[in-house]
Amino acid sequence: MEKNIAVVLTTFNGEKYISEQIDSILRQKNVALEIIAYDDGSSDKSFSILESYKSNHDNIQAYKNEKPTGYAALNFIQALVGLRDKLSPNIKYIALSDQDDLWDDAKLENAIKGLKQNDAELYVSNLIWWEEATGIKSLLKRDFVQKKYDYLFESASAGCTYVFSIALLDLLIGELKNRNFENWGFLSHDWLIYFLARKNNQKVFFDSNPYILYRIHESNVHGGLNGNSISAIRSRLEVLKRGWFSENIKGFTQFIETGSPEMKVYNLFNKGYFGRIAVCLKYNFSLIKSKRKFIKFFSIQLISFKS
């Protein structure tokens, strides 16, 4: 069977989990896949594990970044920009994978069905929050109805749920190449991909079914921020205080035109405290997919007087 989907896997010091994740990818049903892995200068056995899999599977490629990006989001972006030359000829879809999750064996099959049946270019889904230390599992809901400007202030879901068309890959490459991301504070590749898809009027399909065990552990960089524990809430507030929105807006503005509706929203938001409040009052529930999350978003703007 000709390969039809490529899984882009990024690694950094993930020797504890990487084999489990690769095995779960290789167990995918009713798809012909290849795995293209990019290690970001691991000091543990991660790259050796990748090379071992490569030597035993003809559908796995493994690369070690000559110059480590130092950041998972940059590793993904760099991988996507240079991906075209590494793809088998008949690849039609791209999936993203973290190094430490576990995939249901029907994940990719259902993602492709979702894209085809909904005539969409980007697929995202809910996922299962899995606290490794306690064994607790719960639904991480992301399939809220899209809003007009949600992509300006939030991502669609975790990037590990993303599957997208080769056409969207080409669009992303055109947008991402020759850009400088090194000074982009809090860069999120999943948010950026969703932003660029929506900005370019690409259809996004949200699947209510979860096909990933999203492992939360002591070395997880961003996953823990999604929780509802006191420590997770404190961590989120600390990130917001350090300029989560302002730093990301600064990065996103390089992709939008002066005078565009998106730029008008961002320009108003950037006018300090009263500008942020004005954005919330003027655009309200069109800013965030979840009404509950918008209320939290608005509340944070109300109590944050930092310009």
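In strand β2, Ala37 is the bridge partner of Leu9. Strands and helices here are DSSP runs, numbered from the N terminus, with at least two residues (E) for a strand and at least four (H or I) for a helix. The model is a predicted one, in which local features need pLDDT of at least 70 and side-chain atom pairs count only at pLDDT 80 or more, while totals for chains, interfaces and linings use all residues. Residues are numbered from 1 along each chain as its sequence is written, and side-chain values use heavy atoms, with hydrogens and water left out.

Strand β1 runs parallel to β2 (residues 33-39), and seven bridges join the two. Two strands count as paired if DSSP finds at least two bridges between them. Both strands belong to an open sheet of seven, ordered β3-β2-β1-β4-β9-β6-β10, with mixed pairing. The edges are held by β3 (60-64) and β10 (204-207); each has a single partner strand, so one side of each is left without a neighbour in the sheet. From one strand to the next, the twist averages 20 degrees.

Strand β4 (residues 93-97) is largely enclosed by the rest of the structure, because five of its five residues are buried. Buried denotes a relative accessible area under 20%, exposed over 50%, and partly exposed the range in between (1.4 Å probe, protein chains only). In a regular strand, side chains alternate between the two faces of the sheet. Tyr93, Ala95 and Ser97 point one way from β4, and Ile94 and Leu96 point the other way. Strand β1 (residues 5-11) pairs with β4 in the parallel sense over five bridges. Ile5 has Tyr93 as its bridge partner in β4. Strand β9 (residues 163-165) runs antiparallel to β4, joined to it by three bridges. Ser165 in β9 stands opposite Tyr93.

Helix α2 (residues 46-56) lies across β1, β2 and β3 and runs at about 150 degrees to β3. Helix α6 (residues 189-199) touches β4, β6 (122-125) and β10, and its direction makes about 130 degrees with that of β10. Contact means heavy atoms within 4.5 Å. Axes are lines fitted to C-alpha atoms, for helices over the stretch in contact, and angles run from 0 to 180 degrees between N-to-C directions.

Helices α10 (residues 272-283) and α11 (residues 291-303) pack at an angle of about 155 degrees, their axes 9 Å apart. The two are therefore roughly antiparallel, a class for angles over 145 degrees. The crossing of α10 past α11 is left-handed, the near helix being turned anticlockwise from the far one by less than a right angle.

The model holds twelve salt bridges, each a side-chain nitrogen of Lys or Arg within 4 Å of a carboxyl oxygen of Asp or Glu. One joins Arg215 to Glu132 at 3.3 Å, N to O. Arg215 lies in strand β11 (residues 212-216) and Glu132 in the loop between β7 (127-131) and β8 (137-140), so the pair ties together parts 83 residues apart in sequence. Arg215 is buried at 2% relative accessibility, whereas Glu132 is partly exposed at 28%. Salt bridges link Glu20, Glu132 and Arg215 in a network. Lys250 pairs with Glu247 at 3.4 Å; both lie in helix α8 (residues 244-252), three residues apart, about one turn of the helix. Lys250 is exposed, at 54%.

Conventions: Parallel < 35°, antiparallel > 145°, perpendicular 65-115°, else oblique.
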